[in-house]
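Please work through the exercises below with the sequence and the coordinates open beside the text.

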Amino acid sequence: MRRHPKSLSRRTVLKSGVALTSMLAAPGLLRAEPAPVKVGLLQPISGAFALDGDLAKIGAEFAVKEINEAGGIKALGGAKLELIVGDSRSNAEAGAQATEELQSAGVAAVLGGFASGIALTATQTASRYDLPFVVDCAVADTITERGLKNTFRFNPNFSMATAVALKNLVKLNDDAGKPIKTVAIVHEDGLFGSGLAKIMQEKLPPLGFQIVETIAHPTPARDMTNVVLRLRALNPDLIVPSHYFNEFVLMARTLQQQRVRPKGIYAVFGGAASSYRFVNEFPEAAQGVMDCNHWGDPKSPITAKLRETVTAAGKFYAYNTPINYSLVKVFAQAVEKAGSADRAKIIEALAANEFDSGIMPYGKTKFDAKGQNASALPLNTQVQGKDIKVIYPAEYAEAKPVFPING
Amino acid sequence: MTRPRLATLAIIVVALGVIAFALSGALLNLMIFMMIIALAAQGWNILGGYAGLSSFGHAAFFGAGAYAMAVLQTRFGVNAWVALVIGIALGALVGAFIGFLSFRSGLKGSYFALITLAFAEVARIVANSTNFTGGAAGILLKLQNGLPYLQFADRRYFLLIALGFVAIGLVVSWWLEHSRFGAYLVALRENEQAAQALGVDVFAVKMKAIAISGALTAAAGCLYAQNYLFIDANVAFGSWISIEALFAAIVGGSGTVLGPLIGAIVLLGLGELTKGLSHGIPGMDLMVFGVILVLSVAFSPNGLVMLMKSLGLRAPAKEREA
Amino acid sequence: MYSPQIVVEALLNGLMLGAIYALIALGLTLIYGVLHIVNFAHGALLTVAMFMVWLACAQYGMDPYLAILFVAPVMFALGYVLQRFIIGPASHGKDNGILLVTLGLSIIIENALLAAFQSDTRTITSDYSFRVVEIGPLLLSFPRVVGFGVTIATTLLLWLVLHQTDIGKAIRAVAKEKLGASLVGISVPHVYAMTFAIGCACLAVAAGLLMPSFYVSPKTGAAFVLVAFTIVVLGGMGSIPGALIGGLLIGVVEAASSLFLGDSLGQIGIFLIFIVTLLVRPTGLFGARA
C-alpha cells in the first residue's frame, strides 16, 4: 500500500500533540512510566448480593485512586495500581470462573470474596496459580483452615467475632447491673446464621445466660409473625438475631407492631442492625438495636469521606466500603514490602510483615500461620437517634451504650 | 428427527478432547462446567426429552450424587472413585423412589413436573438442617491431587473424565434411539394409551427411564462436588441446577442425542459472552441472556439441533416423523 | 407449650397471610386452567407489581391501597401484551416452549429490575404498617386484616366476572373446549391474553396488600412462587374456589408447623402436603377430572 504523505504527517502532528499535552499534565512522567500493578477485586456485582458488591467496589476504587494520586507504588518506581473487577454473580461457580478470568488478566492478587461459599471456591481456584488471595468479610472459619498458602483473611472469622461479641455482652450486662437473664436466639438457617446459633448455644449458658429458645427461619422469609409471637410468649430479656437485611427488617417491624419490647436486641453480624438504610427508614424499630460487626474506625477522617462518596452515589453506607478500601491499602503495602508485583514475593510479604489496617480498627494487621489476620476484631455499635454509634471497645467508642432499652 | 451415527459422536467427542488439551485457565474452567451441565442435561433429556416426562426437580439427583461424593469421602474415608460409583447408583435409586411413587399414581405433565420440584425442595431443606450432611455449613472436600483422589493438578485430565461421562451420555442416548426400549419411551411420550394397548409395560419402562436419568444427572453432581470441592444444600439441591439441566436440553433440542451437549455449550458460552455487556449496570448481561433465550425459543422451537438441520448445517442422516 | 392465646393468634395470622398467598395463586390457577401452562414468570410479575406500588407510594406519596387502582390496570395491560405478543407467539403453543419462554421472561424481568433499581430492598412506611386491630387480648396486624377482606372480595369479583360477563363466558368456554370455542367465533389468542391479563391484575392487588408490611427487591417474588404452586395443586389446578381454600389452608398449616416445628423445618410441612396431594388426589380439593 502506498503511503499517503499528507495523512502521515497529520498523524505525526497529532501524536506529538498528545504527547505534549500529557507532558504538560504530568511533568513528572517524562521517563517511561512503569507497568501498572493489576489487582483483582472479586465481588458480587450482580445477583443476590449485588448491593454489597457495589459498596465494596466504591471502597476499593477510592483506595486505588488515593494511592495513584499519591504517586503509586514507590518501590516500583511509582507504578500505578489498576483495579480489575471480577463479578462473582453471587454464586460459587461464577466466583471460580471470575477468578480464572482475573488470573488470565494477569492480576498480582485477588481481593474480596464477600460470601463464604464464594470465597471457599475462589481461593481454591486461585491456589492453583499460587495467586495471592486476601479474603474480606466471608466469615467461615474453614476458609483459612485448608492449608492454602495463597489464602489470607483480613477480617475477623466467626470464632473471633463471636468471642468478642460474648465478651462485650457480658461487660454490657455487668455494667448495667445484670438485667439480662434469659436470651432467645433467632437465626437464618444458612451457613452464617446456623453457625452463629451453634456457637451461642454452647457459650451463653456458661456465662450465666439462660437460652429460652432458638428459632431458625429460612431466607427469604415471607413472614416473621410466627417468630415474633413465640418471642412474645417467651418474653426473653434479650434477643440475639442473626439474619440478612430483609429478615432483620421484617422482624424488627413485627416486634414493634406486636409490642414485644425486650431489654435489648444484640445482633452478631446483624443484617440490618448496622445499616443506615434501616435506621433511616424505620427509626423507631431500629432504636437501641446493638450489633457486633465489621465496622470502620469512626474517628478516621477517611471514614467520613467514604460515607460522603457512597451517599453521593445515592446509596446507604455499610461496612463493605471501608473494608475494601482497607484491603487495597494492605495490598499496596504488601507490594511495597515485596518490592515486586511477583506473586510468590507478595505472598511472602503478606505472611512475614505487619501492615497498617487502613481504616479498619485492627491496629497492625498481622496474618498468622494459617493466613488469618490475628489483629482483626469487630466493633460493637448501637443505633442511637438517627445515627449508628460505636459503643465498644473504649478506644473507638463514640457513645455510651443505652441499655437496657425498655426499662 | 436426526439420528447421528456413532462415528459422528466419536468424532465430536474426540474433537472436544483435542480442544480440551489446548485450553487453560478461564476457558478450561468454563468447559469443565459446560460438561457438568451437559451431563446433567443429558440425564434430564432421557426422561424429559425421550419419555416426555418433564421434570423440574433434577436437582434431587444432582444433589444425591454431590452429597454421596462429599459425605462418603469426608465422613467415611471412601475412595473418590468408589464414591463416584455409589453416587451414581444413589442417583438411580432416588430416581426409582420418586418414579415409583409418582408413576404408580399415574402422574404426568405438569403434575409430574411439580412433584419432582417438591421432592427436590424437601431434599434441600433436609440436607440444610441435618448434621449428617454438614447442615447449613455444607461440606468442604479435601484438596489433594492425584489419580486416586480424582483431583488433578492439571485440570485437563479432569475435563477429560467429565468429557468421558458426556460421551457415555451420548452413547446412552444413541442406544435409546436404536433400541426397543427407546422406541417404547417415544411411544409412551406420543400416546401412552396406545403404547399400553400394544402391550408395553408402561410402568416398567418409565421406571427404567427415570433410573437412567437419575444416574446420569447424579454423575454430574459427583463431578461438581469433586471439581469445586465445596457443596451446600443450595448448591446441590437448589432449583438452579434443575433449571440449567432443562434449559440446556430444551434449547439444544429435547429428545435428540446431541441436544443437551449443544444446549449446554451454547447457553453457558452465551452467558460468558454477555458478561462483557453489563457496562457497570448490574443485571444488564443476564437480561440480554434472557432476551436471546426467548428469541432462540421463538425462532428454533425444536431446539438448536433442529435449527441447524433446517439450515442445512448438518447433513441429515436418517429421517423420522417427530 | 404455648398459651391458647398465642396459638389462636398464630392461626389467625396464618389464615390472613394465607389469603394473600391465595390471591397470588388465583392468577396462577386461572392461567393454568385456561391456557394449561405453568407460568414461571408469575413470581417476577409479582415483583413488577410490587415495584409499581412502591413507586406510587414512595415517589408520588400515594396510599398503598389506593395505588392498587392504578397498578392493576397497568398490570392488566402488561399481562395482555406479554401473552398476546410474546409468550403466545414465541412458544408456538408447545409446553416446552412455554416453559422456556416464561422462565426466560422471569430472567429478563428480574434483571431489568436489578438494572433499574439495584438490589436494594425497598419498603414503604404508611400509617398502616404498624397499626393493629385489637380484639380482646389479640393483636392482629391491620394490613393483614385488610388483606383478608380484599382477597375475599377479589375472589368473589373474579368469580362474578367469569360467570356473568361475556369475556368470562368466553374464557370458560376456551378452558373447556378450545377448538369448539374457536369454531363459534371466539378468538382464542385474545381470550388467552385476557386470562393472562386478569391473572396479572390479581398480582397487582396482592402487591398492594403486601407492601405495607413487606419489602420489595428484584428477587422478592421468588419467595412466593413455590407456595403459590402448592396452593394451586392443593386446590386443584384451574379451580378458583380451590385456590382460595387452598391458600387459607396452607397459611394455617404454615403457621401451625412453624409454631411447633420452627420456621425452617416448617417449610417441609408445605411440601409434604404438596407431595401427598399429588400422589393421593392429583386433581386437588376442587379440581375437575385430570
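Predicted model: local features only at pLDDT ≥ 70, side-chain atom pairs only at ≥ 80, totals over all residues.

Residues are numbered from 1 along each chain as its sequence is written, and chains are lettered from A and ligands numbered from 1 in the order in which they are written.

**Exercise 1.** Describe the secondary structure and the overall dimensions of chain A and of chain B.

*Solution.* Start with the elements, which are DSSP runs numbered from the N terminus (helices are H or I with at least four residues, strands are E with at least two). Chain A has 13 helices and 14 strands, whereas chain B has 14 helices and 2 strands.

The C-alpha trace of chain B spans about 50 × 45 × 40 Å along its principal axes. The C-alpha atoms of chain A, taken along the principal axes, fill a box of roughly 90 × 40 × 40 Å.

Finally consider burial, where a residue is buried if 20 or more other C-beta atoms, placed from the backbone, lie within 10 Å of its own, exposed if 12 or fewer, and partly exposed in between. Of the 407 residues of chain A, 58% are buried, and for the 322 residues of chain B the figure is 58%.

**Exercise 2.** Which strands pair with strand S13 of chain A, and in what sense?

*Solution.* Strands pair if DSSP finds at least two bridges between them. Strand S10 (residues 290–293) of chain A pairs with S13(A) in the antiparallel sense over 4 bridges, and in this pair Asn293(A) stands opposite Leu379(A). S13(A) also pairs with strand S14 (residues 387–392) of chain A, again in the antiparallel sense, over 5 bridges, with Asn380(A) opposite Tyr392(A).

S13(A) and S14(A) form a hairpin with 2 residues between them, and Gly385(A) in the turn has a positive phi of about 65 degrees. As for covering, 5 of the 6 residues of S13(A), which runs over residues 379–384, are buried.

**Exercise 3.** How do helices H1 and H8 of chain C pack?

*Solution.* H1(C) and H8(C) (residues 188–210) pack at about 175 degrees, with their axes 8 Å apart. H1(C) is therefore roughly antiparallel to H8(C), given that angles under 35 degrees count as roughly parallel, over 145 as roughly antiparallel, 65 to 115 as roughly perpendicular and the rest as oblique.

**Exercise 4.** How many residues of chain C are in contact with chain B, and how many residues does chain C bring to its contact with chain A?

*Solution.* Residues are in contact if their C-beta atoms, placed from the backbone, lie within 7 Å. Chain C has 34 residues in contact with 33 residues of chain B, and H4(C) supplies the largest share of that side of chain C, 13 residues. The contact between chains C and A takes 30 residues from chain C and 29 from chain A, and H1(C) gives the most to this side of chain C, with 5 residues.

Terms used. Contact = placed C-beta atoms within 7 Å. Axes fitted to C-alpha atoms, helices over the stretch in contact; angles between N-to-C directions.
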